[in-house]
Amino acid sequence: MPRHATVTLQAALVLVVVLAGCLGGFGPDMLAQDGGQHTAESAQTPTATGGDARATAGDGDGATARPTESPWGTDPVVVAVEGPPGRDVAPLVRRGAAFWEANSTRYVGYSVDYEVRPDAENPDVVVRFVDEITSCERTKHTAGCAPLITSANQINRPVTVEIKTGLSDDSTEQVVAHELGHTLGLGHDDDPQGVMQTGVTLTTLPQPNATDRAFPWNDSEFTVYVDVDEAPNPGAARAQVRAALGYYERGAPGMPDNLTFELVDDPDADIVVHYASQSACTVGSGSCGSSRGPDPDGDGASERYAQFTVTVVDIDGEAVGWHTGYWLAVAFGAEADADKPPVFRDASYQERRSEWWE
């Protein structure tokens, strides 16, 4: 009797989130997720008065001048915090500010002192936590925004710094430090690159893993790539896969009833069905399932599926459909056999080779 191996859940890389900074209030910039930088056209190029001019932002908008003294003056910079409900983020803002208190002289040429008072009435800076970044032109993964300040006449108190809610404590602190760096005149190409670079890897607060969700996909419309050329009868194997897909599309017992499938000639499809004469996923004949997807909270497990691959190994063509259907149930959220449609529970050798989808 053919065996089916335990599902293999492959952890994906953590989500890459970009950090943006508005350029002096004239033209916002953003960094795309693929690392390509795009600068919005602006009517003017921000410049600063006084000091020795040198390139800082490196965003294609021309060189900016580095101030020789703090545009914020000598008094402590008062920072208010507008945090998300139910979460105390003020300590994270303090830690982000403390980095610059310890390092501003080295990197910007002047010292800065911050006084973080969440409810300050007349602050110099407001760190505002928002669901979506609005001050900068943004991509889906933009995590923060702040103006690039190089002279006192650019400061219109309170200066607003936006931070995306939902990031982990460490990532929140990292984004706060990055955006405060912009308010001190630093661009994305400036040191310290550990703080000012874009395209960094950030993590979110803990999220349910894909295996803990009733439906682990973003939507119910799937593209399917079928690779069964190694099967004894490829045509029959493809027909078996189509029968399995039709079983779910018509509404399998206990499964979502709004699933749709489109067969495509693209191995990057949402669902891949692969036939192999041998595979490391199972010893001898059998089948296995593997998944990949984003891991935004960095816990080593996907929070959603981006692709699910069914591998059928050395199975006669009449059982390809059953093995495909078994792992599709896993892909759609039924990890335990008791949660799968009855046809996939303790099926006999003959039942797996019947027209079970009827």
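**Close-up 1. Contact between helices α1 and α2 in the predicted model.** From α1, the residues in contact are Leu 92, Val 93, Arg 95, Gly 96, Ala 97 and Trp 100. They meet Asp 169, Thr 172, Glu 173, Val 176, Ala 177, Leu 180 and Gly 181 of α2. By residue type, the contact of α1 with α2 comprises seven nonpolar, three polar and three charged residues.

**Close-up 2. Crossing of the α1 and α2 axes.** Two packed helices are described by the angle between their axes and by the distance between those axes. Here the axes of α1 and α2 come within 8 Å. They cross at roughly 45°. The crossing of α1 past α2 is right-handed.

**Close-up 3. Helix α2 along its length.** α2 covers residues 169-183, 15 residues in total. Its first and last C-alpha atoms lie 21 Å apart, close to the 21 Å expected at 1.5 Å a residue. After α2 comes Gly 185. The phi of Gly 185 is positive, near 95°.

Close-up 4. Of the 15 residues of α2, 11 are buried, so the helix is largely enclosed by the rest of the structure. The buried residues include Ser 171, Val 175, His 178, Glu 179, His 182 and Thr 183. Val 176, Ala 177, Leu 180 and Gly 181 are also buried, and these residues take part in the contact with α1.

How values were computed: Residues are numbered from 1 along each chain as its sequence is written. This is a predicted model: local features need pLDDT of at least 70, side-chain atom pairs count only at pLDDT 80 or more; totals for chains, interfaces and linings use all residues. Side-chain values use heavy atoms; hydrogens and water are left out. Helices (H or I, at least four residues) and strands (E, at least two) are DSSP runs, numbered from the N terminus. The expected span of a helix is 1.5 Å times one less than its number of residues. Buried means under 20% relative accessible area, exposed over 50%, partly exposed in between (1.4 Å probe, protein chains only). Axes are lines fitted to C-alpha atoms, for helices over the stretch in contact, and angles run from 0 to 180 degrees between N-to-C directions. A crossing is left-handed if the near helix is turned anticlockwise from the far one by less than a right angle, and right-handed if clockwise. Contact means heavy atoms within 4.5 Å. Ala, Val, Leu, Ile, Met, Phe, Trp, Tyr, Cys and Pro count as nonpolar, Asp, Glu, Lys and Arg as charged, and the others, Gly among them, as polar.
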